[in-house]
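Student: I have a new model on my screen and would like to learn how to read it. Please take me through it feature by feature.

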Amino acid sequence: MSFIRSPVTIFGALNLSAIAGSTYYLRSHLIYNLEESEARSDEIEGTLRGHIGIIEESLDRLEGKATEADRGKKMAEYYGKRGRDDLKT
């Protein structure tokens, strides 16, 4: 039992617990950052898709293909849709 009281064993145990604690902290911080990044990307993607819908509707109006009833349909469709929804088949 004298090996438990030796300074090398105590410092080794402290070192391992410090490494485990810092690894856990960094992992949780990384997961948080990944979730935040994904949320920002989804928001940007929705905005870009909405702008594409606005541009397509404007183009349809300029070409004379759209009616008043079609106004806002593409924009609403693109805003509500996400890229990863297309991948689920």
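Tutor: Happy to! Let's begin with a definition: helices are DSSP runs of H or I with at least four residues, and they are numbered from the N terminus. Keep in mind throughout that this is a predicted model.

Student: What does the secondary structure of the protein chain come to?

Tutor: There are three helices and zero strands. Reading from the N terminus, the order of elements is α-α-α.

Student: Which element has the lowest mean pLDDT, and which the highest?

Tutor: Start with the general idea: where pLDDT is low, the predicted coordinates should not be read in detail. In this structure, helix α3, residues 83–87, has the lowest mean at 58, while α1 has the highest at 91. For the protein chain as a whole, the average pLDDT is 82, and 74% of the residues score at least 70.

Student: Which residues of α1 are buried?

Tutor: For this we need a cut-off: buried means under 20% relative accessible area. In α1 the buried residues are Gly46, Arg49, Gly50, Gly53, Glu57 and Asp60. Across the protein chain, buried residues make up 9% of the 89 residues.

Student: Arg49 is on that list. Why does Arg49 count as buried?

Tutor: Arg49 counts as buried because its relative accessibility is 16%, and the limit is 20%.

Student: Which residue forms a salt bridge with Arg49?

Tutor: The partner is Glu45, and the closest N and O atoms of the pair are 3.3 Å apart. The structure holds one salt bridge. Here is the general idea behind the pairing: an α-helix has 3.6 residues a turn, so residues three or four places apart point the same way. In this case, Arg49 and Glu45 both lie in helix α1, four residues apart, or about one turn. Glu45 is partly exposed, with a relative accessible area of 24%.

Student: How far is Arg49 from Glu77, in sequence and in space?

Tutor: They are 28 residues apart in sequence, and their C-alpha atoms are 8.8 Å apart in space. To widen the view, take the contacts in the protein chain with a separation of 6 or more: 53% of them join residues 24 or more positions apart.

Student: Now the surface. Which residues form a nonpolar patch there?

Tutor: Ile10, Phe11 and Leu14 do, with about 320 Å² of accessible area together. Ile10 is in helix α1, which covers residues 7–63, and Leu14 is also found in α1. At 41% relative accessibility, Ile10 counts as partly exposed. Leaving aside residues up to four places away in sequence, Ile10 touches Ile4 and Arg5.

Technical notes. Residues are numbered from 1 along each chain as its sequence is written. This is a predicted model: local features need pLDDT of at least 70, side-chain atom pairs count only at pLDDT 80 or more; totals for chains, interfaces and linings use all residues. Side-chain values use heavy atoms; hydrogens and water are left out. Helices (H or I, at least four residues) and strands (E, at least two) are DSSP runs, numbered from the N terminus. Buried means under 20% relative accessible area, exposed over 50%, partly exposed in between (1.4 Å probe, protein chains only). Contact means heavy atoms within 4.5 Å. Patches are made of residues with over 30% relative accessible area and no salt bridge: like charges are joined within 9 Å, nonpolar side chains (Val, Leu, Ile, Met, Phe, Trp, Tyr) within 5 Å. Accessible areas come from the Shrake-Rupley method with a 1.4 Å probe; for residues, only the protein chains shown count as cover. A salt bridge is a side-chain nitrogen of Lys or Arg within 4 Å of a carboxyl oxygen of Asp or Glu. pLDDT is the predictor's confidence in each residue, from 0 to 100.
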